[in-house]
Amino acid sequence: MTLFLGLGIAGVVLLVLSLVFDGVLEGLFGGVLDGLFDGLLSLPVIAGFLSMLGFGGAIVLGTTGAGTVVATICGVLAGIVAAWLTWKFSRALMRDQTSVTPRGEDLVGTSGSVVTAIPADGYGEVLLRLAGQPVKLAAKSAVPVGRGTEVWVEAVLSTTSVAVRPVEH
């Protein structure tokens, strides 16, 4: 039983190491095995197999009184199930896609309102929405624009400024 518990604890330690040193085993062979096993030899999968082999074998050995061979077979089966579940879960997490990160160019054509009046020869401030979030930027316009006026973004001048024109109703 001590051997099984040792394997289970080693699997848990390996799982902790896989969280700290993510991707070490995959990069160990310099990309030679890329795509060959499709993540089956990842550290979390091996850790899941090893820990379930040890703990599953210890549970069977301690509760049933069956021999070491039966406990090993049950532990291997439990380890295979745990490894498969770990592999499927990690693949599902890797496929999870986030939305595209908004860029400044996405502001062109959006409307907003003037927060600080824009003089004809200088900058004012406008409040716009980028990906649903309010963004306050410096704004330049060819004509003077008063506070509270609705404006359209014509161009992005820099990461913090835009060129706008008043909306004509």
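I start with Glu-125, which is partly exposed, with a relative accessible area of 29%. On this scale buried means under 20% relative accessible area, exposed over 50%, and partly exposed in between, with a 1.4 Å probe and protein chains only.

Before going on, a word on the source: this is a predicted model, where local features need pLDDT of at least 70, side-chain atom pairs count only at pLDDT 80 or more, and totals for chains, interfaces and linings use all residues. Residues are numbered from 1 along each chain as its sequence is written, and side-chain values use heavy atoms, with hydrogens and water left out.

Which residue forms a salt bridge with Glu-125? It is Lys-136, with the closest N and O atoms 3.5 Å apart. The pair links distant parts of the chain, Glu-125 in strand β2 and Lys-136 in strand β3, 11 residues apart. A salt bridge here is a side-chain nitrogen of Lys or Arg within 4 Å of a carboxyl oxygen of Asp or Glu. Strands (E, at least two residues) and helices (H or I, at least four) are DSSP runs, numbered from the N terminus. Lys-136 counts as exposed, at 51% relative accessibility.

By this rule the count comes to 2 salt bridges. Another salt bridge joins the side chains of Glu-154 and Arg-165, at 3.6 Å from N to O. Glu-154 belongs to strand β4 and Arg-165 to strand β5 (residues 161-166). Glu-154 is partly exposed at 45%, and Arg-165 is partly exposed at 39%.

Now the strand pairing, which requires that DSSP finds at least two bridges between two strands. β1 and β2 run antiparallel and are joined by 3 bridges; they form a hairpin with 6 residues between them. Glu-125 comes up again here, as it stands opposite Thr-116. β1 (residues 111-116) also pairs with β4 (residues 150-158), in the antiparallel sense over 3 bridges. There, Ser-113 has Glu-150 as its bridge partner.

Look next at the loop between β2 (123-130) and β3 (133-141), where Ala-131 lies. Ala-131 has a positive phi of about 55° although it is not a glycine.

Last, helix α3. This helix covers residues 43-64 and reaches 31 Å from its first C-alpha to its last, close to the 32 Å expected. The expected span is 1.5 Å times one less than the number of residues. Its buried residues include Leu-43, Gly-48 and Leu-61. Just after α3, Gly-65 takes a positive phi of about 75°.
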